[in-house]
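Subject: Structure for your review

Dear colleague,

Please find the structure below, together with its sequence.

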Amino acid sequence: MHAVRTLRQRLPMFSPAEAIEYVSALLDGNAPARLMAVATKELVEPLNPVLAVQTILSGPAIRAGQRPEG
């Protein structure tokens, strides 16, 4: 019940029944997609685009002076 109360505090748009359904489903490992989408949108902090940058070459290849072909 503590998890349900905490969830309702952070996601007041969930009804008590939805909060119970969501927490119970998480314990079973099968949360409903509609509730998961709302919880994810509201609770997960957006990714900083700077931290999402990926390099094409590895560090050693760049230090060795290699350039990508093309």
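Rings of Phe, Tyr and Trp (for Trp, its six-membered ring) are taken as a pair if their centres lie within 6.5 Å; planes under 30 degrees apart count as stacked, over 60 as edge-to-face and the rest as tilted. One aromatic pair is present in the structure. The ring centres of Phe 14 and Tyr 22 are 5.8 Å apart and their planes stand at 65°, so this pair is edge-to-face. Both Phe 14 and Tyr 22 are buried, where buried means under 20% relative accessible area, exposed over 50%, and partly exposed in between (1.4 Å probe, protein chains only).

Before the remaining findings, a note on the basis of the values. This is a predicted model, in which local features need pLDDT of at least 70 and side-chain atom pairs count only at pLDDT 80 or more, while totals for chains, interfaces and linings use all residues. Residues are numbered from 1 along each chain as its sequence is written, and side-chain values use heavy atoms, with hydrogens and water left out.

Confidence is expressed as pLDDT, the predictor's confidence in each residue, from 0 to 100. The protein averages a pLDDT of 83, and 77% of the residues score at least 70. Helix H4 (residues 59-63) has the lowest confidence, with a mean of 62, whereas H1 has the highest, at 94.

Overall architecture

The protein has four helices and zero strands; these elements are DSSP runs numbered from the N terminus (helices: H or I, at least four residues; strands: E, at least two). Read from the N terminus, the order is α-α-α-α. Of the 70 residues, 19% count as buried. The accessible surface, from the Shrake-Rupley method with a 1.4 Å probe (for residues, only the protein chains shown count as cover), comes to about 5,900 Å², and carbon and sulfur atoms hold 58% of it. With contact meaning heavy atoms within 4.5 Å, 24% of the contacts between residues at least 6 apart in sequence join residues at least 24 apart.

The nonpolar core

A nonpolar core is a set of buried Ala, Val, Leu, Ile, Met, Phe, Trp, Tyr and Cys residues joined through side-chain atoms within 4.5 Å. The largest one in this model has eleven residues, among them Val 4, Leu 11, Phe 14, Tyr 22, Leu 35 and Ala 39. Helices H1 (2-10), H2 (16-28) and H3 (33-43) are the elements that each give two or more residues to this core. H2 supplies the largest share, four residues. Leaving aside neighbours within four places in sequence, Leu 35 is in contact with Phe 14, Glu 18, Glu 21 and Tyr 22.

Salt bridges

Two salt bridges are present, each being a side-chain nitrogen of Lys or Arg within 4 Å of a carboxyl oxygen of Asp or Glu. In one, Glu 18 pairs with Arg 34, and the closest N and O atoms are 3.6 Å apart. This pair links Glu 18 in helix H2 to Arg 34 in helix H3, 16 residues apart. In the other, Glu 21 pairs with Arg 34, with the closest N and O atoms 3.1 Å apart. Glu 21 also lies in helix H2, 13 residues from Arg 34. Through shared partners, Glu 18, Glu 21 and Arg 34 form one network. Each member is partly exposed: Glu 18 has a relative accessible area of 24%, Glu 21 stands at 32% and Arg 34 at 48%.

A residue of helix H2

Ser 24 is also found in helix H2 and, at 35% relative accessibility, counts as partly exposed.

Yours sincerely
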